[in-house]
Amino acid sequence: MNRSVLGLTTALLMSALVIGGCGSNQEEHDTSLKVRTITIGEEAGTTSAGYSGTIHNKTETNLAFQVGGRIINKLVSVGSPVQAGQVIAQINGADTASQVQNAQGAVTAAQSAYELANTNAERFRTLYEQNAVSKLQLDQAENQLNAAKAQLQQAQAGLNLSSNQNSYTTLVAPDSGLITALNLEVGQVVSAGQPVGTLAAGHEPEAVISLPEQEMSKIRIGSTATISFWALPDVKVQGIIREISPVPDPIARTYTVKIALQNPPKEVQLGMTINAVINQVETTDISIPLTALVKDKQGNNAVYIIRDKKAHLVPIQTGDFGNNSVIVKSGLAKGDIVITAGTQQLQEGTAVHE
């Protein structure tokens, strides 16, 4: 009986040791932290991606009257070619014409007053030389002449202003080109400075596309592109990026890119839909999520990477910041496994698993 009890006790103890050993292995496995990562160099490339856009003219001028009024004449339509100085539209100029007449009357009156003052001043100069009047009387005549001269100059300035205002009732083309928009009709009331149309000056078509933020580091002014046209399937034109917007669209968060076309055919028309394939600039810049960015003990930017199943803190040099990403100029290489989530609990050498 005692031997049986002893054997059973021994078996139980051995089982407990085995179970305890397994538990310790499980606990050792559980000490590693689960993290989220990205591997540098595994992101899909977009070097051959195309971007939709439209054909615009290089120089597009907004048209507007410099004074307000009611439209009484519309002389061109959308699509009309115009020459520099050609009349596009007119507004009612009755009020400004009256102002010109009033200003002309003021000039006439001021001119008469000036001539009279000038005659009196000449007479007093002669009398003063003959000692017939005092110096005070001569000075008074001279002052009256100066005042009349100033009033004449003021009246002439008023006439010039009124004449300019009257001329502003006629909207003329500032340059030769094509009317691409015209938002006015006879009888419509417009205010000063209100845009009423668009003039495409000259004939310099260019492609305009919107580029997403993550592609901005891959292009430069001077980068080349191949432009194809939906309406002209057999036509392809080479282009060069001439302008990149420094700020994104506040809603779409994309950047406007303008591409000058090299020798575009005559069939290319404003407003056509295009596809632009940009020959992107090769770059060694690496982009990582902002969540991967941490600070080392000196307060410098750093990230945790995984080596031998452990987290290691690596200092980096950062470049431009995006909404949710940052460019890494140095410190990382292709193949590095960067921890992007779970960095708050990490220290140098912490065991981790993905």
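## Salt bridges in a predicted model

Arg242 is partly exposed, with a relative accessible area of 27%. The side chain of Arg242 meets that of Glu243 in a salt bridge, 3.4 Å from N to O. Glu243 is partly exposed too, at 32% relative accessibility.

Glu243 has another partner. It forms a salt bridge with Lys258, where the closest N and O atoms lie 3.6 Å apart. This pair links distant parts of the chain. Glu243 sits in strand E14 (residues 236-244) and Lys258 in strand E15 (residues 254-261), 15 residues apart. Lys258 counts as partly exposed, at 24%. Glu206 joins in as well: Glu206, Arg242, Glu243 and Lys258 are linked in a network of salt bridges.

Now to helix H2 (residues 94-129). Glu122 and Arg125 are 3 residues apart there, so about one helical turn separates them. They form a salt bridge. Glu122 is partly exposed at 43% relative accessibility, and Arg125 is partly exposed at 25%.

The structure holds 7 salt bridges. The table lists some of them.

| Pair | N to O distance |
|---|---|
| Glu122 and Arg125 | 2.9 Å |
| Arg242 and Glu243 | 3.4 Å |
| Glu243 and Lys258 | 3.6 Å |

How confident is the prediction? The chain averages a pLDDT of 84, and 87% of the residues score at least 70. Over residues 22-29 the pLDDT stays under 50, and the model has 0 contacts there beyond four places in sequence. Residues 43-48 are also below 50. That stretch has 7 contacts in the model beyond near neighbours in sequence.

Note on methods: Residues numbered from 1 in each chain as written. Predicted model: local features only at pLDDT ≥ 70, side-chain atom pairs only at ≥ 80, totals over all residues. Heavy atoms only, no water. pLDDT = per-residue confidence, 0-100. Contact = heavy atoms within 4.5 Å. Salt bridge = Lys/Arg side-chain N within 4 Å of Asp/Glu carboxyl O. Helix = DSSP H or I, 4+ residues; strand = E, 2+ residues; numbered from the N terminus. Buried < 20%, exposed > 50% of the residue type's maximum accessible area, 1.4 Å probe, protein only.
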